[in-house]
Amino acid sequence: NKIGFKKFIKDNRRSGVITKVDDLKNRISYYHYQKKLQKYFVEMILQISEKNPDTKLVVRPHPSENVEYWNRIFKKNNNIIVDSSGEAYVWIKAASVVIHNGCTTAIEAILEKNTMVISYEPFNSGIFSIDLPSKVSIRVKTVEAILDLIDKRQDPSPVSSDKFNISEYVHIDTDSYSSQMIANDIDSYLEEKNNNKKLWIEIIKLYPALLKNSIKQTAYRLI
């Protein structure tokens with residue numbers, strides 16, 4: 001909703017995502033898929049807001065989306081907050097329920113034992129389906145099912161305490177940080193490729209981001 005269809009296609013061409021006719025068809029399908037899903041989510045959020053007037057709902061638009069668009073839609077709903085600032089895990093930690101569709105924030109949410117994680121799947125996502133976020137969530141197809149889960153406040157998630165289910169995808173270790181493991185792997189790779197100066201330059205660029213992530217994780221653990 002931020003750039004519109006024409007600019008969406010243009011940006012995908014410029015970035016190299018679209019290089020042939022099949023790519024173009026895929027991106028057009030994806031655009032319409034997202035627009036359709038958006039309508040379902042808006043209706044779902046409005047219904048939850050109406051049924052739970054004393055509960056705060058936080059809507060976090062994707063970074064590529066226009067926050068003002070969402071503000072206009074929910075401007076009459078006093079219990080809906082639209083905010084894309086900061087890190088998602090701060091909001092997740094404070095939330096009792098996280099509702100998504102194919103979003104990787106579900107992986108973060110599942111690690112919070114007191115958070116119910118719901119995957120809202122009102123229609124078949126087909127080739128745009130992302131399996132893992134759905135697998136770690138309570139999967140529902142209707143708004144009524146979501147409202148029922150919220151009312152009953154069931155166990156946060158059927159897999160929230162089962163680390164084995166996501167251990168192949170998520171590093172779960174209280175004694176070390178994922179960011180440090182990544183940095184160690186980069187060091188090992190650099191030792192093998194120490195004659196490639198261009199690689200050195202690209203890898204060095206990654207270190208500030210890794211350091212920032214490590215600091216954030218440390219702060220997160222201290223909260």
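The model is predicted: local features need pLDDT of at least 70, side-chain atom pairs count only at pLDDT 80 or more, and totals for chains, interfaces and linings use all residues. Residues are numbered from 1 along each chain as its sequence is written, and side-chain values use heavy atoms, with hydrogens and water left out. The chain contains nine helices and five strands, taken as DSSP runs numbered from the N terminus (helices: H or I, at least four residues; strands: E, at least two).

**Overall fold**

- Along the sequence, the elements follow the pattern α-α-β-α-β-α-β-α-β-α-β-α-α-α.
- The chain has 223 residues, of which 34% count as buried; buried means under 20% relative accessible area, exposed over 50%, and partly exposed in between (1.4 Å probe, protein chains only).
- Among contacts with a separation of 6 or more, 52% join residues 24 or more positions apart, a contact being heavy atoms within 4.5 Å.

- Three strands form an open sheet in the order E3-E4-E5, with parallel pairing; two strands pair if DSSP finds at least two bridges between them.
- E3 (97–100) and E5 are the edge strands, each with a single partner strand, so one side of each has no neighbour in the sheet.
- On average, neighbouring strands of this sheet are turned by 25° against each other, direction ignored.
- Three bridges join E4 and E5 in the parallel sense, and tyrosine 120 stands opposite valine 140 in E5.

**Helices and their packing**

- Helix H2 (residues 21–51) has 31 residues and spans 46 Å from its first C-alpha to its last, close to the 45 Å expected at 1.5 Å a residue; the expected span is 1.5 Å times one less than the number of residues.
- Buried residues of H2 include Asp23, Arg27, Tyr31, Tyr33 and Phe41.
- H2 lies across E3 and E4 and runs at about 155° to E3; axes are lines fitted to C-alpha atoms, for helices over the stretch in contact, and angles run from 0 to 180 degrees between N-to-C directions.
- H7 lies across E3, E4 and E5, at about 175° to E4.
- Asparagine 12 belongs to helix H1 and, at 9% relative accessibility, counts as buried.
- Leaving aside residues up to four places away in sequence, asparagine 12 touches Val17, Ile18 and Arg27.

**Salt bridges**

- The structure holds four salt bridges, each defined as a side-chain nitrogen of Lys or Arg within 4 Å of a carboxyl oxygen of Asp or Glu.
- Aspartate 11 and arginine 14 form one of them, with their closest N and O atoms 2.9 Å apart.
- Both residues lie in H1 (residues 4–14), three residues apart, or about one turn of the helix; arginine 14 is exposed at 57% relative accessibility.
- Arginine 139 and glutamate 121 form a salt bridge at 2.9 Å, N to O.
- This pair links distant parts of the chain, 18 residues apart: arginine 139 is in strand E5 (residues 138–140), and glutamate 121 is in the loop between E4 (116–120) and H6 (131–135).
- Glutamate 121 is buried at 15% relative accessibility.
- Lysine 152 meets aspartate 148 in a salt bridge of 3.3 Å, N to O; because they are four residues apart in H7 (residues 143–152), about one helical turn separates them.
- Lysine 152 is exposed at 54% relative accessibility, whereas aspartate 148 is partly exposed at 33%.
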